[in-house]
Amino acid sequence: MITKFIKRILRRDPMVKHTQANNTGAPKRIPKKSHRIDPHLLSKNAVKVTQTLQQAGYEAFIVGGAVRDLVLGIGPKDFDVATNATPDQVQRLFRKARLIGRRFQIVHVTFFGKGHPEIIEVSTFRALLDNAGDHVAESGRILRDNVWGSQGEDAARRDFTINAMYYDPSSETVLDYHGGMVDMQKKTLRMIGDPTKRYREDPIRMLRAIRFAAKTEFTLDAATRAPIAKLGKLLQDVPSARLFDEILKLLMSGYSWAAIQGLRDAGLHHGLLPLLDHILDNNEASKGANDFVKLALANTDERIQSGKSVSAGFLFATLLWPDLLQNWKANIAKGMANIPALHDAMDDTIATQSSGMTIQRRFESDMREIWSMQPRFEKRVGRYPYRLVESPRFRAGYDFMLLRCATGEQNPAIGEWWTNFIAADPVGQEELMARAKNESGSTLGSPVKRRRRRKPKAATPTEPEAS
Ligand code: ATP
Ligand code: MG
């Protein structure tokens, strides 16, 4: 099998020939005293899956990012298992097992415990594909690869050396086919095989490179980094839903600010997040916008790192806000009234973003809600505050407004007022509203009747509709 494989590789690509020939032989076996994986970081369910498969006579390992994280001493957020059992054979061994996927057929084994159910993703060792036939698009992009192979082949088709290690919990041994452990020590992110070819096969790997570099603080190996500048445009060919998922992973990684910087340094943000182009240019004119996005992402990273949830709608609402604000101000300067100016600006901002990567509809409606709530925070009299607090997305709108206060784009007194209002009892709330009414000359709320008399051209986005 291996000889056949090496022969096939030798026929194909001289660069791959060199790397693969050295690496598809026996893997390096790394004992516990060298890899030092803490068994407490393992998921009991993942171990159960490997044991069940092994007891049925199959090979089974924890694989991929989980092994990388375990070696780094980080508790993996999810566990993948690789096996030589076919998906059907896997499915037969577990009660709660579901076959999923078309591009990659895998089995999800679900465990119900005290907290959330845990899904262990079990995939069958896959073969490398020939650069021919209907599996590969003209650009070299792989379309389908459901051909089973050996563990060595499976390792060679993974992306980075540090993502291609296999851990057997029963023997506590790591199998390393591509020098992943040495790269872990050198803190290097290295693509397996010829990076250009691997990026052509799947351009998403460029985004993964940036995400893992941000997460691990590893350096991209020079040969792994070099082709990205030229091949970044291949991301345009990736189906929009997959691109969106990957960008979301990057933003939700807990290292989003570092990852966004990485995208900029690699020149990959152009076309993905077109509205970030000018923000990331880091010049004086974009400083305010840059501060806002930086704060929003730092806030997101902190939430994720402390195990809190973050909504994707909220995240995209923050990334696009600087552009929206600019459009909103421009509309007002053209003589539009405050609220229509905002709604028109929202349409523009979303249309510009869609020219790069389309944001899924359900997130788009969250974004619109968060944005359209912003002028409502200015109105702090009558029934307005009560109504606003009752709106289903209030919390997101409020958090968003606090971010605006933190960068000084919104009056911090308004943020404070709302924080007090939420915490106050009914009497306290009445007092707060009375105080808001008496404050004059500030950006404080006022009754809607007076707002209607206001001349639109005097309004600005940070002002209420009347004062
Ligand atoms: P994390 O789950 O922390 O985001 P991960 O490395 O586990 O990181 P997954 O997307 O869960 O990432 O993929 C699991 C493994 O599958 C990877 O570690 C890698 O070995 C392989 N893999 C995933 N995506 C690709 C890809 N696009 N090309 C090659 N191998 C991939
Ligand atoms: Mg994973």
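User: What makes β3 and β6 a pair of strands in this predicted model?

Analyst: Two strands pair if at least two bridges are found between them. Strand β3 (residues 80-83) and strand β6 (residues 118-124) have 4 bridges, in the parallel sense. Therefore they count as paired. In β6, V122 is the bridge partner of V81.

User: How do you know that β5 and β6 pair, and in which sense?

Analyst: The cut-off is again at least two bridges. Strand β5 (residues 106-111) and β6 are joined by 5 bridges, so they pair. The sense is antiparallel. F111 has its bridge partner, E118, in β6. β5 and β6 form a hairpin, with 6 residues between them.

User: Where do these strands sit in the sheet?

Analyst: The sheet is open and has 8 strands. Their order is β1-β8-β7-β2-β3-β6-β5-β4, and the pairing is mixed. From one strand to the next, the twist averages 30°.

User: Why are β1 and β4 called edge strands?

Analyst: β1 (28-30) and β4 (97-100) each pair on one side only. For β1, strand β8 (residues 173-176) is joined to it by 3 bridges and runs antiparallel. K28 has D176 in β8 as its bridge partner.

User: What makes helix α5 a helix that packs on the sheet?

Analyst: Helix α5 (residues 65-72) touches β2 (60-63) and β7 (165-168). Its direction makes about 65° with that of β2.

User: Why is T300 called buried?

Analyst: Buried means under 20% relative accessible area. T300 has 1% relative accessibility, so it counts as buried. T300 is found in helix α16 (residues 287-305). Leaving aside neighbours within four places in sequence, T300 is in contact with L251, V310 and L315.

User: Which residues of α23 are buried, and what covers them?

Analyst: G428, Q429, L432, M433 and A436 are the buried residues of α23. They cover an arc of only 140° around the axis, so they lie on the same side of α23. In an α-helix there are 3.6 residues a turn, so residues three or four places apart point the same way. The cover over the buried residues of α23 includes α20 (384-390) and α22 (412-423). On the face of α23 turned away from its buried side are the exposed residues V427, K437 and N438.

User: How does the reach of α22 compare with the span expected for it?

Analyst: α22 has 12 residues, and 16 Å is expected at 1.5 Å a residue. From first C-alpha to last, α22 reaches 17 Å, close to that value.

User: What makes one side of α22 the buried side?

Analyst: In α22, the buried residues are I414, G415, W417, W418 and F421. Their arc around the axis is only 160°, which puts them on the same side of α22. They pack against α20, α21 (394-406) and α23. The face turned away from the buried side of α22 carries the exposed residues E416 and A423.

Methods: Residues numbered from 1 in each chain as written. Chains lettered and ligands numbered in written order. Predicted model: local features only at pLDDT ≥ 70, side-chain atom pairs only at ≥ 80, totals over all residues. Heavy atoms only, no water. Helix = DSSP H or I, 4+ residues; strand = E, 2+ residues; numbered from the N terminus. Axes fitted to C-alpha atoms, helices over the stretch in contact; angles between N-to-C directions. Contact = heavy atoms within 4.5 Å. Buried < 20%, exposed > 50% of the residue type's maximum accessible area, 1.4 Å probe, protein only. Arc of directions from axis to C-beta. Expected span 1.5 Å × (residues − 1).
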